[in-house]
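The following exercises concern a protein structure shown below. Please work through each task before reading its solution.

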Amino acid sequence: MDPGDLFDNHDYVAPARYVRPYTITAGRTRSKVDLPMEATLRRRPGGFHPDLNPAALRVLATCDARSVAEVSALVSMPIGVVRVLLGDLVEQGIVHVEATITESSSKDERIDLIERTLRGLRTY
Amino acid sequence: MDYAPTSATRRAASTKIVVAGGFGVGKTTLVGSVSEIVPLRTEALVTNESEGVDDLDAVPTKATTTVAMDFGRLTLAEDLVLYLFGTPGQRRFWFMWDDLCLGAIGAIVLVDTNRLDDSFSPLDYFESKGLPFIVAVNEFDGTQRYSLEEVANALALPPHVPIISVDARDRASVKQALVRVTEYALERLIQPLSVNAN
């Protein structure tokens, strides 16, 4: 067994179980907002949101300057559930999603991003 | 785009590179070697019937499983964060890769020469999606069992695909692999493969 195995035993698929993961999203499994795993979220300043449910409040409290994937990991909710909750916050204007490369990005935008990534990696 | 962005305000603030490979090949080790945070784990839900992610569609008693992905974070500049996502290589996880690969710079297929078969599925996938990828042979013990050329032949890699060796535990080595896949993605963008390329 090589050393990598010690850290890599996470590729498991847990035994089947019966769950209701979307109870907290009122059964919705999709968000209308495009939320890539790596997209950075920004909480808009101000606002007290007494009408949000506890799960949404946890997501809101965690999301600033973090990615969708980080929020999912830190609040221990599956990525799909977090996307629905974040999508609501975005639609309500409470959270803003920063840009990522998408299918509609131009070649220039892609080249710009890759060049910035290369510069950053070389000095990382 | 429908909201007339200016390049200044809609410049990508984050991006990602995918690390794929078989069970136990060292993906999370690789991610952890360069990540500024201890690798985090996110889970996606899978229904057994469709294997469609998060597609439970109000059937609350359908059996589900979860699949875990470990990822790390590298802040490359004040305005740019790179995420590295480690993803299981088996074909049954392909449904998740569409989501992961959309908008990714490229992918690293991490290979263990004792288990080359585990690499075929990710190689097929990235090739079919046109996502730029490199092959990185993980050299745990520093002794190279096979030459890179032998591995490339065994994997039937097209000649344009870069193949390197990497020590997933070593920060500098992993950084080199990230630079290589990013350079390759840039090459592919500037000079796309012609249809006739072998």
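A residue counts as buried when its relative accessible area is under 20%, as exposed when that area is over 50%, and as partly exposed in between. The model used here is predicted.

**Exercise 1. Classify B:Lys27 as buried or exposed, and find a backbone atom close to its side chain.**

Solution.
Step 1. B:Lys27 belongs to helix 1 of chain B.
Step 2. The relative accessibility of B:Lys27 is 2%, so this residue counts as buried.
Step 3. A polar atom of the B:Lys27 side chain lies 3.0 Å from the backbone oxygen of B:Gly22.

**Exercise 2. Determine how helix 1 and helix 5 of chain B are oriented to each other, and describe their contact.**

Solution.
Step 1. Helix 1 covers residues 27-34 of chain B and helix 5 covers residues 171-190; they pack at an angle of about 100°, and their axes are 8 Å apart.
Step 2. Angles of 65 to 115 degrees count as roughly perpendicular. Helix 1 and helix 5 of chain B are therefore roughly perpendicular to each other.
Step 3. On the side of helix 1 of chain B, the contact is made by B:Leu30, B:Ser33 and B:Val34; helix 5 of chain B supplies B:Arg171, B:Val174, B:Lys175 and B:Leu178.
Step 4. Sorted by type, the residues of this contact are 4 nonpolar, 1 polar and 2 charged.

**Exercise 3. Carry out the analysis for helix 2 and helix 4 of chain A.**

Solution.
Step 1. Helix 2 (residues 54-63) and helix 4 (residues 79-91) of chain A pack at an angle of about 75°, with axes 10 Å apart.
Step 2. Helix 2 of chain A is therefore roughly perpendicular to helix 4 of chain A.
Step 3. From helix 2 of chain A, the residues A:Ala55, A:Ala56, A:Val59, A:Leu60 and A:Cys63 meet A:Leu85, A:Leu86 and A:Leu89 of helix 4 of chain A.
Step 4. The residues of this contact comprise 8 nonpolar, no polar and no charged.

**Exercise 4. Which residues touch the most other members of the largest nonpolar core, and what does B:Phe126 contact?**

Solution.
Step 1. The largest nonpolar core has 99 residues, and those touching the most other members are A:Leu41, A:Leu86, B:Leu74, B:Phe126, B:Val135 and B:Leu178.
Step 2. Helix 5 of chain B gives the most to this core, namely 8 residues.
Step 3. B:Phe126 is among the buried residues of helix 3 (residues 117-129) of chain B. The buried residues of this helix pack against strand 1, helix 2, strand 5 and strand 6 of chain B.
Step 4. Apart from neighbours within four places in sequence, B:Phe126 is in contact with B:Val18, B:Ala20, B:Cys101, B:Ala107, B:Val109, B:Leu131 and B:Phe133.

**Exercise 5. Examine the positive phi values of A:Ala65 and B:Ala156, and classify the exposure of A:Ala65 and B:Ala156.**

Solution.
Step 1. Most residues other than glycine have a negative phi.
Step 2. A:Ala65, which is not a glycine, has a positive phi of about 65°. A:Ala65 lies in the loop between helix 2 and helix 3 of chain A and, at 29% relative accessibility, counts as partly exposed.
Step 3. For B:Ala156, phi is positive and near 55°. B:Ala156 sits in the loop between helix 4 and strand 7 of chain B; with a relative accessible area of 64%, B:Ala156 is exposed.

Definitions and conventions: Residues numbered from 1 in each chain as written. Chains lettered and ligands numbered in written order. Predicted model: local features only at pLDDT ≥ 70, side-chain atom pairs only at ≥ 80, totals over all residues. Heavy atoms only, no water. Axes fitted to C-alpha atoms, helices over the stretch in contact; angles between N-to-C directions. Helix = DSSP H or I, 4+ residues; strand = E, 2+ residues; numbered from the N terminus. Parallel < 35°, antiparallel > 145°, perpendicular 65-115°, else oblique. Contact = heavy atoms within 4.5 Å. Nonpolar A, V, L, I, M, F, W, Y, C, P; charged D, E, K, R; others polar. Core = buried A, V, L, I, M, F, W, Y, C linked by side-chain atoms within 4.5 Å. Buried < 20%, exposed > 50% of the residue type's maximum accessible area, 1.4 Å probe, protein only. Polar contact = N/O pair within 3.5 Å; in protein donor to acceptor, adjacent residues only side chain to side chain.
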